[in-house]
Every structure is written in C-alpha cells, then in structure tokens.
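Reader: Could you take a single part of this model and examine it closely, setting it first in the context of its chain?

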Amino acid sequence: MSGTKKETGFSFTIDGVEVTAYAGQTIMEAADEAGVYIPRLCDHEGLRHQGSCRVCTVKAGGRSVSACTQPAAPGQAVENETPHLNKMRRDLVEMLFHEGNHLCPICEASGKCELQAMAYRLDMTEATKFPYLEPCRALDASHPDIALDTNRCISCGRCIRASQDVDGKGIFGYVGRGIHRRVAVNGANLADTDAEVTDHAISKEVCPVGCIIRKRIGFVTPIGEREFDKGLIGHDIEEKRK
Amino acid sequence: MSVSAQTKLPKARIATASLAGCFGCHMAILDIDERLIALMKLVDVDRSPLTDKKRFTQRCDIGIIEGGCCNEENVHVLQDFRRNCDVLIALGQCAIMGGLPAMRNAIMHSDAPLLECLDEAYITGRYIRNKTHNVPNDPALPLLLDEVYPCNQVVKIDYQIPGCAPGGDIIFDTLAKLLTGKFRGFERDMIKFD
C-alpha cells in the first residue's frame with residue numbers, strides 16, 4: 001500500500017466495526033478491504049461503478065446511499081446488515097426474479113449465479129407478493145462460441161462496462177427506457193459483432209447470471225462442487241476478517 | 001433432528017398432491033429414507049398418492065402441494081387442499097413459481113397463445129409423430145388454463161420449500177420442525193432453487 005494512502009487514511013464504522021478508508025475510496029471498497037461484505041449485483045471488481053441495482057444500499061449518516069458509488073467519509077456511521085436494509089434488498093432481488101424468466105432448474109449458471117446466490121443469502125424463501133411478468137425475450141445463438149439468453153439478463157450492465165472499458169470494443173449497450181430498458185448488441189445479432197469468447201465481457205466472472213453463455217461448457221461442474229455450493233456469496237470477503 | 005421424543009404427542013394429519021409437476025418432489029419425500037419411520041410416528045397420511053386416497057377423510061393439519069396449476073383440475077385440487085388443511089406448503093419450484101411447465105408462459109406471444117402451443121406440441125413440431133393430426137380433445141381431459149400459475153397466485157400458501165426437487169433433508173427438517181412448533185425458517189446452506 002502506498003505511503004500517500006497511509007497519510008490520508010481515516011476511519012469510519014460499518015455496523016459498529018471500525019473500518020479504515022483512504023481518500024477517494026467508496027464505502028464498498030473500504031468494506032471489501034476490511035472484510036465486511038456489502039451485497040451487490042451490478043458492481044464488479046475491475047469495472048467502473050454504476051450504482052444502478054441498489055442491492056448495495058446502506059444507511060450512511062441516516063441517508064440511503066449506494067455503497068458502491070458513495071465515497072467513504074471520516075467518522076461516518078454506516079448501517080449495512082440490518083433487518084430493514086436486508087428486507088429492501090430481498091425485495092429488490094425478488095423483483096428481479098419476477099421481471100425476467102429465471103428458471104433455476106434449467107439454467108446452466110445455477111450454482112454459480114450471483115442473483116440466485118443473493119437470494120439464498122437474503123433468505124428469499126417466503127411466498128411472493130409480486131406477479132411474474134414472464135416477458136418474451138430473445139435468444140441469440142448466432143455466434144459460434146457464445147450465446148445470449150436475455151430472459152436471464154438483469155440489466156446490471158457489467159458486460160457493457162467490461163466491453164467498453166476493458167476490451168475496448170463496445171459490443172453491448174442499453175436500448176429502451178424504464179422497464180423496457182434492455183442490454184442489446186451493437187449489430188443485427190452477436191455474430192455480426194466482433195465479440196470473441198476470449199473477451200473479458202464474455203468471461204464467466206462478468207455476467208452474474210446465465211445470460212452470456214459460452215457454448216459447449218454448460219453444466220461442466222457437478223452439483224455440489226459449484227461456486228455457491230461451497231459457501232454463501234460474499235464469504236470470500238468475510239473470511240478476510242477471520 | 002431427532003423426533004423420537006415427540007412420539008407421545010397426538011398424531012398430526014398430512015395430505016399431499018401433485019399438480020403440474022413431474023412427481024419428483026414426491027420422490028424427494030421418499031428421499032427422507034429411514035427417517036420416514038420417525039416421521040410416521042408423528043403423522044397419519046390422509047389424501048395422498050402415497051396412500052392412494054383420492055379424497056380427504058377428515059381435516060388435515062398440513063397439506064403439501066407439488067406442482068403449479070396448468071388446468072382446471074389443478075385449481076380444484078388446490079382449492080380443496082386450502083379448504084381442508086390448516087397449513088399449506090408449496091413443495092418445489094413448480095409449486096412456488098410454476099417451474100418448467102411455466103416455460104410455456106414466456107414463449108407464448110401470439111393472439112392465440114394456447115392454441116399455438118398445442119399446435120406445436122401435437123401437430124407442427126419438428127419431431128412430432130401424431131398420426132391423428134389432432135390436438136387431444138377428449139371431454140375427460142381437464143380444461144387447460146391460459147397460463148401455468150404458481151400455487152400462491154391461486155390460494156394462500158403458508159410455507160414454501162424451495163428446490164427442484166428439494167432434498168429429503170430439507171423436507172424432513174421442515175416437517176419435523178413444523179410438527180414440533182420449532183420452525184424458524186430454513187438453514188441457509190439447505191436452500192437450493194435447483
């Protein structure tokens with residue numbers, strides 16, 4: 001860690017736990033370093049922050065803010081794991097399940113899906129109060145190595161940022177507004193773009209759900225050995241505190 | 001969880017039914033294995049495919065429903081369970097959110113979606129071998145609903161056990177805790193949607 005950062009370090013609390021942060025760090029960045037997990041879906045390490053899914057909403061100084069975009073401030077008291085915030089997060093995740101077609105039993109991302117794992121972590125097990133919208137969305141299997149099942153897309157925008165900022169391609173982008181806003185490809189279909197299976201945007205870390213599919217490797221990991229069979233989402237961050 | 005200490009409690013009555021599902025959740029009930037013996041000391045099974053009783057003989061404490069509603073008979077059975085059971089449990093993803101049968105909800109987008117679905121299933125589908133070239137229309141067949149509905153969109157559901165199918169452990173654990181008044185939610189590591 002650089003000397004400059006040490007000079008500008010300050011502390012604040014998350015659920016009463018003292019956390020050290022440096023100038024310019026967001027609440028989530030400081031929390032991650034300190035081993036405090038704040039749930040998130042649209043944020044991903046190495047990509048610029050978007051603050052759109054609001055699953056990372058925390059209370060800072062009594063105000064609701066997205067932890068992935070809100071800069072940490074000296075002395076601020078942040079609430080994270082409270083029943084109220086987790087209830088709101090659970091409602092958000094539940095609405096995502098209802099807005100798309102998320103059929104876990106037939107999804108090859110099951111067991112390594114961050115949406116599903118977040119539902120586990122947030123105890124999404126009670127009878128729902130929302131209707132299933134069951135939209136009719138496109139399946140694009142035109143590319144020889146990649147397929148897109150937009151039924152599972154949660155519009156986190158991670159593929160958009162990865163393609164633009166890391167790959168320098170801009171294959172993905174948003175179209176439409178409001179509930180009709182969707183991720184689309186920059187071409188008639190995926191085969192018409194310069195997408196390659198080696199792109200960072202296509203890597204298994206970027207798409208949190210089963211929307212971006214790399215062909216011929218589906219269901220390769222047996223049940224019981226998948227990422228979230230081994231532990232709750234966020235356990236890798238929380239283990240830093242142990 | 002041991003249930004042997006509870007054997008002196010009055011026996012509860014449970015009933016089960018399979019609606020629009022694959023019967024896998026009932027198979028998962030059998031995955032409780034030898035603990036079924038401990039469970040049977042706590043419960044009597046009323047209307048159920050396990051007993052082959054077709055009607056309720058008396059009011060039940062717990063009703064367990066597998067599958068969603070894809071036809072009018074499913075709706076009648078589900079409503080019958082709600083009327084005759086104090087606690088109703090949706091077992092598995094089909095009962096909770098429609099599951100695989102509900103895939104037809106999302107692919108149907110024409111003016112006559114059900115007709116299109118049946119046409120593809122029985123007449124125009126690439127791999128269909130249907131010599132009659134008809135959609136089955138026997139009067140004994142229950143009327144199909146426009147969509148497949150999760151159970152809680154038809155009646156009130158008290159608890160739902162996730163999974164496709166849920167493991168024998170989570171089914172036994174949930175039932176044992178409900179029967180002994182100790183159910184406080186699921187252990188996180190037991191929750192699976194697939």
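Author: In chain B, 77% of the contacts (heavy atoms within 4.5 Å) with a separation of 6 or more join residues 24 or more positions apart. The model is predicted, with local features needing pLDDT of at least 70 and side-chain atom pairs pLDDT 80 or more, while totals for chains, interfaces and linings use all residues. Residues are numbered from 1 along each chain as written, chains are lettered from A and ligands numbered from 1 in written order, and side-chain values use heavy atoms, without hydrogens or water.

Chain B has 7 helices and 7 strands (DSSP runs of H or I, at least four residues, and of E, at least two, numbered from the N terminus), and 46% of its 194 residues are buried, that is, under 20% relative accessible area with a 1.4 Å probe, counting protein chains only.

The part to examine is helix 3 of chain B, residues 72-84, whose 13 residues reach 18 Å from first C-alpha to last, close to the 18 Å expected at 1.5 Å a residue (1.5 Å times one less than the number of residues). Its buried residues are B:Asn74, B:Val75, B:Val77, B:Leu78, B:Phe81 and B:Arg82. Seen down the axis of helix 3 of chain B, these fall within an arc of 165°, so they line one face of the helix; the arc is taken over the directions from the axis to the C-beta atoms. The cover over these buried residues includes strand 1 (12-18), strand 3 (60-66), strand 4 (69-71), strand 5 (85-91) and strand 6 (144-149) of chain B. At the start of helix 3 of chain B, a side-chain oxygen of B:Asn71 comes within 3.0 Å of the backbone nitrogen of B:Glu73.

Conventions
Buried < 20%, exposed > 50% of the residue type's maximum accessible area, 1.4 Å probe, protein only. Polar contact = N/O pair within 3.5 Å; in protein donor to acceptor, adjacent residues only side chain to side chain.
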